[in-house]
Amino acid sequence: MKDIGNGLQFRQIKSSISKFNIIEIQDFNSIKSLVKDYFGQKGLCVFYLDYKVLIGKYDGEDFKFYENKEFEPQFIQKMRLFNTDRELFVWKENRNGFRGRLRIDETGNKVDVVDAYQVLWGTKLEFRGEFTEISEERGTKLVLPVKHLKVDNSENRAFILTRNYISYETYDSTYEQAGYEDCRFVSITDKNRNPCGV
């Protein structure tokens with residue numbers, strides 16, 4: 001692993017990817033079935049809805065959001081379910097049809113990656129049972145499915161760790177050019193890069 005500055009680390013890992021074509025999601029049971037078939041582990045989730053973003057957790061059987069919030073699947077634009085080993089990414093293709101991919105690390109082919117620790121907004125915190133709300137005076141607020149998080153106006157902050165997968169392939173075989181071909185969420189971490197929440 002090589003620290004390349006600005007919270008970025010370059011390294012080589014093994015990773016595999018499988019993609020699936022359009023599937024229909026009619027109700028929330030369809031989502032649970034999809035997640036159980038493709039993911040099957042505990043993880044954190046981010047649902048990008050038409051009108052807001054919900055961050056929650058998945059216990060291997062069901063999703064849990066702050067204040068037991070619910071929503072209709074018709075409003076889902078995309079969803080990421082992740083832990084340190086894998087991510088299931090699903091996005092809307094048409095009215096009820098979704099495409100997706102499952103990325104699993106530490107199996108498959110060698111690939112170069114850049115891990116990025118990105119600071120989340122929030123210098124104040126309030127514990128809310130199994131969740132923590134982090135906020136700033138300007139009005140930004142996130143409710144994260146983690147406990148025991150410490151943030152302040154100094155060096156204690158929450159981070160989202162993203163992993164960016166590099167490809168050197170081009171459409172023209174006479175040259176190579178590096179670029180990111182995929183990106184996934186890995187974990188929410190504290191300032192010491194310790195995963196929180198799963």
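Reply: Happy to. The largest cavity has a volume of about 40 Å³. A cavity here is a set of points on a 1 Å grid over the protein atoms alone where a 1.4 Å probe fits but cannot get out; points are joined across faces, edges and corners, and a volume is the space filled by probe spheres set on them. Before we go on, this is a predicted model, so local features need pLDDT of at least 70 and side-chain atom pairs count only at pLDDT 80 or more, while totals for chains, interfaces and linings use all residues. Residues are numbered from 1 along each chain as its sequence is written, and side-chain values use heavy atoms, with hydrogens and water left out.

Me: Which residues line the largest cavity?
Reply: Ile25, Ile31, Leu34, Phe47, Ile76, Met79, Val90 and Phe98. Lining residues have an atom within 4 Å of a point. By class they come out as eight nonpolar, no polar and no charged. Nonpolar covers Ala, Val, Leu, Ile, Met, Phe, Trp, Tyr, Cys and Pro; charged covers Asp, Glu, Lys and Arg; the others, Gly among them, are polar. α1 (28-38) and β6 (76-82) each give at least two residues to this lining. Those helix and strand names are DSSP runs numbered from the N terminus, helices being H or I with at least four residues and strands E with at least two.

Me: And how much space lies in the largest pocket?
Reply: About 490 Å³. A pocket is an open set with protein on both sides within 12 Å along at least five of seven lines. It has 23 lining residues, and the closest to its centre are Val53, Leu54, Ile55, Leu142 and Val143.

Me: Which strand supplies the largest share of that pocket lining?
Reply: β12, with four residues. At least two residues each come from β3 (43-49), β4 (53-58), β9, β12, β13 and β14. The lining counts 16 nonpolar, two polar and five charged residues.

Me: What sheet is β12 in?
Reply: An open, antiparallel one of three strands, in the order β10-β11-β12. β10 (124-128) and β12 (141-144) are its edge strands, each pairing on one side only. Two strands pair if DSSP finds at least two bridges between them. β10 and β11 (residues 131-135) share five bridges, and Leu125 sits opposite Ile134 of β11.

Me: Switching to β13: how many of its residues are buried?
Reply: Nine of nine, in residues 159-167. Buried means under 20% relative accessible area, exposed over 50%, and partly exposed in between, with a 1.4 Å probe and protein chains only. Phe159, Leu161, Arg163, Tyr165 and Ser167 point one way, and Ile160, Thr162, Asn164 and Ile166 the other. In a regular strand the side chains alternate between the two faces of the sheet.

Me: Which strands does β13 pair with?
Reply: β9 (residues 109-119) is antiparallel to β13 over seven bridges, with Val119 opposite Phe159. β14 (residues 179-189) is also antiparallel to β13, over nine bridges, and there Thr162 has Phe185 as its bridge partner.

Me: Is Cys196 buried or exposed?
Reply: Cys196 is buried, at 12% relative accessible area, while Cys183 is partly exposed at 26%.
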